[in-house]
Amino acid sequence: MRVAVIGANGQLGCDVCKAFSVNGHEVIQLNHDVMEITDLNLAKLKLEQAKPQVVVNTAAMHNVEACEANPLKAFEVNGLGARNLALLANELDFTLFHISTDYVFDGTKKSPYVETDCPLPLNVYGNTKYSGENFVRTIAKKRFVVRVSGLYGTNPCRAKAGSNFVKLMLRLATERDEVRIVDDEVLTPTFTEDIARQLVQMSKIDQYGLYHVTAQGECSWYEFAAKIFELTRAKVKLSIADPREFVAKVARPKYSVLENSNLQKLGIDLMPDWEEGLRKYLKEINALN
């Protein structure tokens with residue numbers, strides 16, 4: 001297949017390109033400098049030139065604070081940009097993979113969210129991503145809406161100045177005697193390579209719809225940090241921080257664990273346990289001891 005990846009140089013997009021290439025597909029990389037999903041005419045021109053059978057959209061405005069400060073821009077990218085791609089999916093006849101987020105939920109359920117649970121976003125980012133989901137699901141005939149959670153990967157994340165939580169912990173372990181992390185937010189950290197491999201598997205089916213694609217299990221940010229330090233044998237004291245020490249500027253769900261229910265129903269859930277994903281990542285960056 002010819003696969004166009006929007007946001008190909010991003011943290012997830014880079015691994016998506018690799019995964020499809022390794023599996024023998026031709027990959028067209030559409031980065032921000034040549035492709036702007038908020039510009040319908042430009043997006044149409046680039047996709048007409050690419051002639052893909054599959055388009056994976058990893059482009060998003062996902063800095064939570066920036067979205068809150070500029071909701072119109074966030075909606076333009078996360079909502080209307082997704083709508084443009086959905087319209088083009090029908091016009092140009094390609095299958096659209098649209099990446100969404102666990103932040104569409106409010107975190108009050110206290111047990112893993114499945115695809116049939118009703119979203120209730122707490123912030124601008126979550127609301128605009130949910131609007132994008134709805135545009136894709138109601139417009140595009142051939143589409144997969146994919147919710148992910150707690151991403152980290154080997155490629156730099158532009159929205160986080162090239163870092164991620166694992167890299168941050170490894171750096172802090174060399175700079176401080178003690179690291180303090182909150183334990184009141186629970187999620188499922190997920191290695192982007194594992195998501196990319198799952199998307200390749202999903203491209204082989206035509207059961208279009210909404211899918212959760214995260215690692216198995218759950219942990220708090222504190223437990224995630226503890227596992228990072230354990231596996232890397234970091235000589236640093238880890239303590240639980242009082243939530244009042246790090247007051248969030250924007251409301252976030254306290255519990256955003258997703259269950260890959262629809263993948264499991266089809267028997268194609270390839271996602272490993274979050275600890276296994278972390279070990280693979282640490283090995284790749286030569287940090288595993």
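## Helix 1 and helix 7

The axes of helix 1 (residues 11-22) and helix 7 (residues 192-202) come within 8 Å of each other and cross at roughly 45 degrees. That angle makes helix 1 oblique to helix 7, and the crossing of the two helices is right-handed. The model described in this report is a predicted one. Two packed helices are described by the angle between their axes and the distance between the axes.

On the side of helix 1, the contact involves Gln11, Leu12, Asp15, Val16, Ala19 and Phe20. Their partners in helix 7 are Thr192, Glu193, Ile195, Ala196, Arg197, Leu199 and Val200. Sorted by class, the contact of helix 1 with helix 7 has eight nonpolar, two polar and three charged residues.

How many of the eleven residues of helix 7 are buried? Eight of them are, and helix 7 is thus mostly covered. The buried residues of helix 7 are Thr192, Asp194, Ile195, Ala196, Gln198, Leu199, Val200 and Met202.

## Helix 6 and its two partners

Helix 6 (residues 165-175) packs with helix 8 (residues 221-232) at an angle of about 60 degrees, and their axes are 10 Å apart. Helix 6 and helix 8 are therefore oblique to each other, and helix 6 passes helix 8 in a right-handed crossing. Helix 6 contributes Phe165, Val166, Met169, Leu170 and Ala173 to this contact, while helix 8 contributes Trp221, Phe224, Ala225, Ile228, Phe229 and Thr232. The residues of the contact of helix 6 with helix 8 comprise ten nonpolar, one polar and no charged.

Helix 6 also packs with helix 10 (residues 274-284), at an angle of about 60 degrees and with the axes 12 Å apart. Helix 6 and helix 10 are therefore oblique to each other, and their crossing is right-handed. Val166, Lys167 and Leu170 of helix 6 make this contact with Leu278, Tyr281 and Leu282 of helix 10. By class, the contact of helix 6 with helix 10 has five nonpolar residues, no polar residue and one charged residue. Val166 and Leu170 of helix 6 take part in the contact with helix 8 and in the contact with helix 10.

## The nonpolar cores

Which residues touch the most other members of the largest nonpolar core? Among the 30 residues of that core, they are Met35 and Leu47. At least two residues of this core are supplied by each of strand 1 (2-6), strand 2 (26-30), helix 2 (40-50), helix 3 (64-69), helix 4 (71-92) and helix 5 (124-139). Helix 4 provides the largest share, seven residues.

Leu47 illustrates these contacts. Not counting residues up to four places away in sequence, Leu47 touches Ala4, Leu30, Met35, Pro52, Val55, Leu85, Leu88, Leu92 and Phe94. A second, separate core consists of 26 residues, including Val3, Leu12, Val146 and Ile268. Leu12 is also one of the residues of helix 1 that meet helix 7.

Ser100 is placed in strand 4 (residues 95-101). Is Ser100 buried or exposed? At 3% relative accessibility, Ser100 counts as buried, because residues under 20% are placed in that class. Leaving aside neighbours within four places in sequence, Ser100 is in contact with Lys129, Glu133, Val145, Val146, Arg147 and Val148. Val146, one of these partners of Ser100, is also included in the second core.

## Loop residues

Two loop residues other than glycine have a positive phi value. Phi of Lys51 is near 50 degrees, and Lys51 is found in the loop between helix 2 and strand 3 (54-57). With 57% relative accessibility, Lys51 counts as exposed. Phi of Arg233 is near 55 degrees, and Arg233 lies in the loop between helix 8 and strand 12 (237-240). Arg233 is exposed, with a relative accessible area of 59%.

Pro243 occupies the loop between strand 12 and helix 9 (261-266). Pro243 is partly exposed, since its relative accessible area is 40%. Not counting residues up to four places away in sequence, Pro243 touches Val182 and Asp184. Pro243 and Leu87 are 156 residues apart along the chain, and their C-alpha atoms are separated by 43 Å.

Definitions and conventions
Residues numbered from 1 in each chain as written. Predicted model: local features only at pLDDT ≥ 70, side-chain atom pairs only at ≥ 80, totals over all residues. Heavy atoms only, no water. Axes fitted to C-alpha atoms, helices over the stretch in contact; angles between N-to-C directions. Helix = DSSP H or I, 4+ residues; strand = E, 2+ residues; numbered from the N terminus. Parallel < 35°, antiparallel > 145°, perpendicular 65-115°, else oblique. Left-handed = near helix turned anticlockwise from the far one by under 90°. Contact = heavy atoms within 4.5 Å. Nonpolar A, V, L, I, M, F, W, Y, C, P; charged D, E, K, R; others polar. Core = buried A, V, L, I, M, F, W, Y, C linked by side-chain atoms within 4.5 Å. Buried < 20%, exposed > 50% of the residue type's maximum accessible area, 1.4 Å probe, protein only.
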